[in-house]
4 protein chains.
Amino acid sequence: MEYQIKPAQGKLGILIPGLGAVATTVIAGVEAIKKGLAQPVGSLTQMGNIRLGKRTENRYPLIKDFVPLAGMEEIVFGGWDVYSDNVYQSAMNAKVLEPGLLEPIKAELEAIKPMKAVFDKSYVKNLDGTNVKEAATKWDLAQALMQDIEQFKKDNNCTRVVIVWCASTEKYTEETAVHQTIEAFEAGLKNNDPNIAPSMIYAYAALKSNVPFANGAPNLTVDIPAIVALSKELNVPIAGKDFKTGQTLMKTIVAPGLAARALGVRGWFSSNILGNRDGLVLDDPENFKTKEVSKLSVLEEILNADMNPELYGELYHKVRINYYPPHGDNKESWDNIDIFGWLGYQMQIKINFLCRDSILAAPIVLDLALFMDLAHRAGMDGIQEWLSFYFKAPQTAPDLKPEHDIFKQLIKLQNTLRHIMGEDLITHLGLDYYQELVEAL
Amino acid sequence: MEYQIKPAQGKLGILIPGLGAVATTVIAGVEAIKKGLAQPVGSLTQMGNIRLGKRTENRYPLIKDFVPLAGMEEIVFGGWDVYSDNVYQSAMNAKVLEPGLLEPIKAELEAIKPMKAVFDKSYVKNLDGTNVKEAATKWDLAQALMQDIEQFKKDNNCTRVVIVWCASTEKYTEETAVHQTIEAFEAGLKNNDPNIAPSMIYAYAALKSNVPFANGAPNLTVDIPAIVALSKELNVPIAGKDFKTGQTLMKTIVAPGLAARALGVRGWFSSNILGNRDGLVLDDPENFKTKEVSKLSVLEEILNADMNPELYGELYHKVRINYYPPHGDNKESWDNIDIFGWLGYQMQIKINFLCRDSILAAPIVLDLALFMDLAHRAGMDGIQEWLSFYFKAPQTAPDLKPEHDIFKQLIKLQNTLRHIMGEDLITHLGLDYYQELVEAL
Amino acid sequence: MEYQIKPAQGKLGILIPGLGAVATTVIAGVEAIKKGLAQPVGSLTQMGNIRLGKRTENRYPLIKDFVPLAGMEEIVFGGWDVYSDNVYQSAMNAKVLEPGLLEPIKAELEAIKPMKAVFDKSYVKNLDGTNVKEAATKWDLAQALMQDIEQFKKDNNCTRVVIVWCASTEKYTEETAVHQTIEAFEAGLKNNDPNIAPSMIYAYAALKSNVPFANGAPNLTVDIPAIVALSKELNVPIAGKDFKTGQTLMKTIVAPGLAARALGVRGWFSSNILGNRDGLVLDDPENFKTKEVSKLSVLEEILNADMNPELYGELYHKVRINYYPPHGDNKESWDNIDIFGWLGYQMQIKINFLCRDSILAAPIVLDLALFMDLAHRAGMDGIQEWLSFYFKAPQTAPDLKPEHDIFKQLIKLQNTLRHIMGEDLITHLGLDYYQELVEAL
Amino acid sequence: MEYQIKPAQGKLGILIPGLGAVATTVIAGVEAIKKGLAQPVGSLTQMGNIRLGKRTENRYPLIKDFVPLAGMEEIVFGGWDVYSDNVYQSAMNAKVLEPGLLEPIKAELEAIKPMKAVFDKSYVKNLDGTNVKEAATKWDLAQALMQDIEQFKKDNNCTRVVIVWCASTEKYTEETAVHQTIEAFEAGLKNNDPNIAPSMIYAYAALKSNVPFANGAPNLTVDIPAIVALSKELNVPIAGKDFKTGQTLMKTIVAPGLAARALGVRGWFSSNILGNRDGLVLDDPENFKTKEVSKLSVLEEILNADMNPELYGELYHKVRINYYPPHGDNKESWDNIDIFGWLGYQMQIKINFLCRDSILAAPIVLDLALFMDLAHRAGMDGIQEWLSFYFKAPQTAPDLKPEHDIFKQLIKLQNTLRHIMGEDLITHLGLDYYQELVEAL
């Protein structure tokens, strides 16, 4: 299969449901970067290289020079929020970025005012939005969102739009009949089926507007058959779910390393302290439970106990999140890993990560927006598993286990880029270097 | 190219120059494992799986069930040492394994007595061996080693032998004329060229005896043109150098993770405390310098500053090794990593590894012995770069940069195994799963 | 007041309710020490020195050489437990001490069989004892305990006995009317008042048998007016409560240091992981609550927010205990302390304590037994506040705040010893050294 | 003896040799505090309380309300430096305080310009001062300093002056004949004896000007018989040496806690990383040696191996300082402490202190200045051992061992204040509370 990628002409609109800490950090960052005030560190699309061809060719272009991505200067931001604060006010409240950095881009940030959100308090108990759409049915809400998208596109002279969900985690739900087919889903929209979450209405509106949708929270959202089918039918890509940052990022780096060496793991205790609103919400055992399920699954897949019962069959994995106001947005994690090696001798690894949640999430939003736009222009539709790299719980085809190992995720991403650009895939085999050596001798 | 791998029939002799802490830990371990007293944890050949075919095929055999390796019960150990202690005595001195574990295999360990070593005090100032070969020339010493190998093979009824160097690090040296060709090297052996290190004499004797040679220390040894040429000429594989354990293992796990996410690194401070003889030797600034060079290079390659000056151009990397007797063989490392993300915001990672040096090294010795024997039977000669996975400073073809990222090293190893067994290489592309999905819908 | 201390003649019986991990560790330890197999490390009475007189006198005797304590060889152990395992079996179950250490004292440990315990399931939900006394009233149970004590004394030819409570923490209770006077308490024993806990029956029986009682758990036990009055009336000392070990020990060391320097503290996050039965019990939020109250109070007193609102008024203190089986009895704590200094600049201290719970508790049991016996012979009755040093929640006179600073507690203990032995109290003033200096010049 | 303390009337001048990071942090801090912009956290004189009388009296005044100290608003700063930068410029260079804090006090800081320093390159190899006094003899330099002091006093209308040494550490030296008597010393000044260090010339000039002198560096300075004798003769107090901050502060907090409980210590490994000029200087092995001696002595005294050979006889103590530019002035320490308890069972404590050097030192300078002025007005002369609390290597009378335990140092300080104010010394005995209890019952 050969890919005909349409060029990235004109403005790209990035629309974000949820203009809180993460969204304002990415928006302010992009504006600061446009002005040359800062660097897009942590963004693979902007600062990452990719090896092409054989090692001896020494071809390592920047990814943005290799694949035809939208340029930073072509990006326009917009979004929805249940509060009416503009992005400058919201960024000041979030206290992630220093006022000194926000000052020179104040005008740009103040100009971004949230559109009225689709909101349902039964899905997020602890929020009380005021900047909220009113309509008789969920179908009507979807139409309103489609009009918002159309209007934004026109107002900002965009040729394309993508949506990245950065709003709060919705309550835990499972698939029901209404999620199974496009028809059932559309009927549900019209008769206000309670199992259709706000995030699903956004996803539906996006796809119907020809807009790719990526999901940064652990909600189902696009991970239901109806939306998958719609994305295939309309040829619009989808991806999810839950941005991979902080402790889980670290875990999907270290665990593959231990597994690579066939080292056993008896216990992994993960503690987090954080003092932002996220921490307060997750201090509640019920809310934490949803997050916990997602966080625990990571090790289960990487350290496959079924396949290696002697190494991982006894693994005791525990994750705790502790609300601790003195740290604010500066999440800190402490991991104790009990491993064993040759003949069962025990060792310990302790990792203390003094991290910043929104700083790690922001470049993920940018990368996903740019890659989803690329996929769209390349004619790739349905689930974009090659973007697993960015997610805590990657969405995959129904029969596939998600891949959590960040290094396999990276190869998948890079080989996908090589593939769509017609370059050789890299297998790291490299035996040929030594066969040539024979001849040379 | 198709591989005709000879079967692993008969006994495999593993000969080890240097029967100290690492060697006795691997020997005692293998004997304990043969008796069902312990598990070969940390050994990829014994406990690691390999995925074959597509994910949906669910084929994940153990490596030892996939490639025709020598069985544990077919292994016979021997070796050389400058001290005449048998392996039981030496293991007791090393204090790595508990006496309770050594007791039931005492007879087997006592039976292994070191052959007289080739030793040159000018290469290891702080040792004074007594169990040492005397001969007029280095050529004669090589002949004596070849006789040792022959005798050992006969006495133990071995069909094949491999050698893994586990002796002390020799002093720092660089290539000279004598190392450039087989002819020059053989002349040097005969006229006692001082630039030929003892480890090189072992390597020469090994190859001439049709015995693969792997080097666990940072000495040059097989990493010189003469030995590389000889290995090609005689069709015997070689590999090196410096077993990758402890802090460096951790570093080649974590650094690729940071680079994967395009996170910047401003500083990496690595401190080690250890109280064994290795620690005492490395407490000396001169000896440490050799080790330091090897340890520092790891980050330089993974965090390529030339390619990413904004992310890694300012990296300050410092490694300290501190002799600290209270910890004995239980090496402990503490790393402080200063990273920065989106817009340059700073974060810190601190890793405290309470590790055990010989426990991490022992399974590497076993794996290298078995894989070198496999390579030999498969007709692979010269440098075995696919075994980079096990080395701190992997030996490569002259024009190639070594690959330090442990995950790329693992893929290289696994794809090599798939390749020689005629299985498809794995690229993690996986777009086909989604194309099938289209048809299925 | 001058003290007439009766000599420590004859055997001293130490009776312990609760022959679990802590009790068996102290008993096995004392037996091993008697045989010269180990040292009583951590015991102030056995290994601690005390300065006497002026610094220039250089008098630093061992405490055991300064005050007339019972000798180790005069100690005889006994106790009660709801299980009938002898001390050897119980020590093997506890897995605190290595089998190799228990072997040479097996006979001594097997000889100690628990007497039937006074037990009430409503006070410890998760235990199901079988070795339990049956009687119509709590009064009868008290009489039975008094007979046990008498019998033990006779059987073992003891001149004195002391009791140290090492059993499980009872459920949280508060003082009621039955605890207010001796009369009310004795009536309650007779009519089975449910507010009289098993530990109180032990305490009552002890005092009536002229036996000092120290309480190692956070239960009220001797911390009620009725028992205090009885101890004064009968001239028998009491002390409590909750042995100070592990994280709290560390906290009462570090917090006074920060307060000494007037450094501010904004947050103190304390996490514990442990895998013994104690950990399992405390993983339950309800049981943990009792412990939490006791653990939190420590900082409140040392970092007095009322007195220093600018430094400690915002202190956020959180303690978490996490059940983590891989660690067994090896409790591990991790503390993050957010401090601030000059002009409010912030700093952090992180303390990782890889500790052993029973190993830290055992010498406390020994010291308390010996000091309580000393106090008894010295005619000291009522609450022994000078033993605060050993307790997490020291029992004091009704109007006094407990002193948690371990260094003030140590001075109190040492000056009490000096006081009863007629030595000068030490104030560390020391100006006289410099006045003498003047004359000398 | 009764103390007649002269009132703290009029301005107090604080003169500082060395207007670098520490000095500018204290000066800027005091100016900010005067304006109500910040708090003097870490200063015992300003924010510390002292208990008076019995616990039941509840008397805990602030120290500054208890003893007649100079008020903050009466303080005037001045100093000498080898560079001519004013205090604002020097503070900006030091990068300890944020520009935002320095802005509102810029005028005050710019007004403080360093007087020309007495400097001798042979004592500090790595500095090249330009703002330096020229004179034929050291005697003349002393006279010049005395004129500086006199002029400063007049210009600033001060009634009293104190000097606190904050300049760089001078090279290691030992006492010689010239340091033994006042006469020899004065002769040495006149004939330029090379053994008289610049800091000694400052000290001599101070005492001759009736100005107390405290030494914040490890140089001998006032710790020589000649200066001690002069301080007694002229009735001017002296104190030293080496401000106690960071890792050593932590060590003198934790070690007494371990010793209190008679816990053994087998090893203490202390590593530091810092990136300021101090770190660069101490990265040199020769300069570090001087510091090392001082740092090691702390544990030797607290964990007295002579008195407790079983607990501390095997203690291996190692201190490393590593230059690590990424951290700047934010010194970070990592300690691994190997302890053992009951029966020799081993445990570990790991302390990671993310500290700020100058922030911890600044309040010490303020406290010493105020307490030295108090001592002077109280007629206390010679060595002020009661200020040991602030020093890494406290200066004492010739026959006395210094006291390093920070808690004994604090009691000494507090009891000295109580003593000179006619209050009862506190012994923490407290038995009387319980005797009263008897009567009350």
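## Basis of the report

This is a predicted model, in which local features need pLDDT of at least 70 and side-chain atom pairs count only at pLDDT 80 or more, while totals for chains, interfaces and linings use all residues. Residues are numbered from 1 along each chain as its sequence is written, chains are lettered from A and ligands numbered from 1 in the order in which they are written, and side-chain values use heavy atoms, with hydrogens and water left out.

## Chain C against chain A

Contact, meaning heavy atoms within 4.5 Å, involves 25 residues of chain C and 25 residues of chain A. The two chains bury about 2100 Å² between them, and 52% of it is on carbon and sulfur atoms. Buried area is the accessible area (1.4 Å probe) that two parts lose on being put together, summed over both.

The rule finds two salt bridges across the interface of chain C and chain A. A salt bridge is a side-chain nitrogen of Lys or Arg within 4 Å of a carboxyl oxygen of Asp or Glu. Glu332(A) and Lys350(C) form a salt bridge through their side chains, at 2.5 Å from N to O. On the side of chain C that touches chain A, the elements giving two or more residues are strand 7 (264-274), strand 8 (316-323), strand 9 (332-340) and strand 10 (346-354) of chain C. Helices (H or I, at least four residues) and strands (E, at least two) are DSSP runs, numbered from the N terminus. That side of chain C has eleven nonpolar, seven polar and seven charged residues. Here Ala, Val, Leu, Ile, Met, Phe, Trp, Tyr, Cys and Pro count as nonpolar, Asp, Glu, Lys and Arg as charged, and the others, Gly among them, as polar.

## Chain B against chain A

Chain B and chain A each give 96 residues to their contact. Between them they bury about 8400 Å², with 70% of it on carbon and sulfur atoms. In chain B, the residues that lose the most area to chain A are Arg261(B), Trp342(B) and Tyr345(B), together 13% of what that side buries.

Two salt bridges are counted between chain B and chain A. Arg55(A) and Glu385(B) meet in a salt bridge at 2.8 Å from N to O. The side of chain B that touches chain A divides into 61 nonpolar, 23 polar and twelve charged residues.

## Cavities

The whole structure holds twelve cavities of 30 Å³ or more. On a 1 Å grid over the protein atoms alone, a cavity is a set of points where a 1.4 Å probe fits but cannot get out, and lining residues have an atom within 4 Å of a point. Grid points are joined across faces, edges and corners, and a volume is the space filled by probe spheres set on the points.

The largest cavity has a volume of about 160 Å³. Of the 15 residues that line it, Trp334(A), Asn352(A), Trp334(B), Asn352(B) and Trp334(D) lie nearest its centre. Strand 10 of chain A, of chain B, of chain C and of chain D are the elements that give two or more residues to this lining. By class, the lining has seven nonpolar, four polar and four charged residues.

Over all chains the count comes to 68 salt bridges. One of the pairs is Lys241(C) with Asp223(C), whose closest N and O atoms are 2.7 Å apart. This pair links distant parts of the chain, 18 residues apart: Lys241(C) is in the loop between strand 6 (237-240) and helix 11 (246-260) of chain C, and Asp223(C) is in the loop between strand 5 (213-215) and helix 10 (225-233).

In chain B, the peptide bond from Gly240(B) to Lys241(B) is cis, with omega near -5 degrees. In chain D, the bond from Gly240(D) to Lys241(D) is cis, with omega near -5 degrees. Asp242(A), in the loop between strand 6 (237-240) and helix 11 (246-260) of chain A, has a positive phi of about 80 degrees although it is not a glycine.

Technical notes:
1 Å grid on protein atoms, 1.4 Å probe; cavity = no way out; pocket = protein on both sides within 12 Å on 5 of 7 lines; lining within 4 Å.
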